[in-house]
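These are my notebook entries on one structure.

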Amino acid sequence: MITGVILAGGRNSRMHGYNKAMLPFKGESIIEGQIRVMGTICRDILVVTPDPDCYANLSMRKATYLPDVYAGHGPLSGMHAAFLKLRTEFAWVVGCDYPTLSVPAAQLMVNLLKQMDYDAVVPIVNDKHQMLHGVYRPERLLSPIVSLIEGEQYRLSGLLDMINWLGLKESDWLESGISHDFTLDIDTPEQYLSMLLRN
């Protein structure tokens, strides 16, 4: 029913080039934790990365590694590569720098997609779309993603202008009894340290 997609192709410039997916977090690397958590509800897990060899020695359940087709154009490229390969109706898409993924949040978003005719459900926290912890209908999104990339429009949020989507705000998560801390990501060493201290 659902495939997990981890986008691990960023330049990590604000982490001075260090691969954020490999940062230690609660006794394992972030990506190990993500694959373990996503594996509880996902039939398959795809990791979009230009360098699969760096994950070869990790002790985690099997994932499929694949490169971008349109290389170098950010998360849109990663989603495109994954959506070409997966065969499930839904995709749970996350960035590799989100260390506290939420299965209840993903399940809620999937249930909303099942009940309604949306193309995507994404959290909105602090008035920002958190598209890299969202759930999507891949078959519907391939065409608009290709249109954006070939039109040299690489902003991930540009996809929302072309699809029918639902945003869940802080009040929605509160009402559902789910903390929205799962939307916290790591962009800088300072954010990484803060995340370690709060967990």
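**Entry 1: strand pairing**

In which sense do S7 and strand S8 (residues 128-129) pair, and over how many bridges? I found that S7 and S8 pair in the antiparallel sense over two bridges. I note that two strands pair if DSSP finds at least two bridges between them. Helices (H or I, at least four residues) and strands (E, at least two) are DSSP runs, numbered from the N terminus.

Before going further, I record that this is a predicted model, in which local features need pLDDT of at least 70 and side-chain atom pairs count only at pLDDT 80 or more, while totals for chains, interfaces and linings use all residues. Residues are numbered from 1 along each chain as its sequence is written, and side-chain values use heavy atoms, with hydrogens and water left out.

I then listed the other partners of S7. Strand S9 (residues 133-136) runs antiparallel to S7 and is joined to it by two bridges. Tyr-136 in S9 is the bridge partner of Ala-120. With strand S10 (residues 165-168), S7 pairs in the parallel sense over four bridges. In S10, Leu-166 stands opposite Val-121. In S8, Lys-128 stands opposite Val-125.

**Entry 2: cover around S7**

Buried means under 20% relative accessible area, exposed over 50%, and partly exposed in between (1.4 Å probe, protein chains only).

**Entry 3: positive phi values**

Most residues other than glycine have a negative phi. I therefore looked for exceptions to this general rule. Asn-126 is not a glycine, yet it has a positive phi of about 55°. Asn-126 is in the turn of the hairpin that S7 and S8 form, with two residues between the strands. Its relative accessible area is 58%, so Asn-126 is exposed.

Glu-152 also has a positive phi, near 60°. Glu-152 lies in the loop between helix H4 (138-150) and S10, and it is exposed, at 59% relative accessible area.

**Entry 4: salt bridges**

How many salt bridges does a search of the whole structure find? The search finds eight. A salt bridge is a side-chain nitrogen of Lys or Arg within 4 Å of a carboxyl oxygen of Asp or Glu.

I examined the bridge between Asp-97 and Lys-20 (2.9 Å, N to O). The pair links distant parts of the chain, 77 residues apart: Asp-97 is in the loop between S6 and H3, and Lys-20 is in the loop between strand S1 (2-7) and strand S2 (24-25). Both Asp-97 and Lys-20 are buried. Lys-20, Asp-97 and Asp-187 are linked in a network of salt bridges.

Arg-137 and Glu-89 meet in a salt bridge (2.8 Å, N to O). Arg-137 is in the loop between S9 and H4 and Glu-89 in the loop between helix H2 (75-85) and S6, so the pair ties together parts 48 residues apart in sequence. Arg-137 is buried, at 8% relative accessibility, whereas Glu-89 is partly exposed, at 43%.

Arg-140 and Asp-119 also meet in a salt bridge (2.8 Å, N to O). Arg-140 is in helix H4 and Asp-119 in the loop between H3 and S7, 21 residues apart. Arg-140 is partly exposed, at 36% relative accessibility, and Asp-119 is buried, at 11%.

**Entry 5: nonpolar cores**

Which residues touch the most other members of the largest nonpolar core? A nonpolar core is a set of buried Ala, Val, Leu, Ile, Met, Phe, Trp, Tyr and Cys residues joined through side-chain atoms within 4.5 Å. The largest has 61 residues, and Ile-6, Met-79, Phe-83, Trp-92, Val-93, Tyr-136 and Leu-159 touch the most other members. H3 gives the most to this core, with seven residues. Apart from it lies another core, of six residues, including Leu-23 and Phe-25.

**Entry 6: Pro-99**

Pro-99 lies in the loop between strand S6 (90-95) and helix H3 (103-115). Pro-99 counts as buried, at 16% relative accessibility. Its C-alpha atom is separated by 7.8 Å from that of Phe-182, 83 residues apart along the chain.
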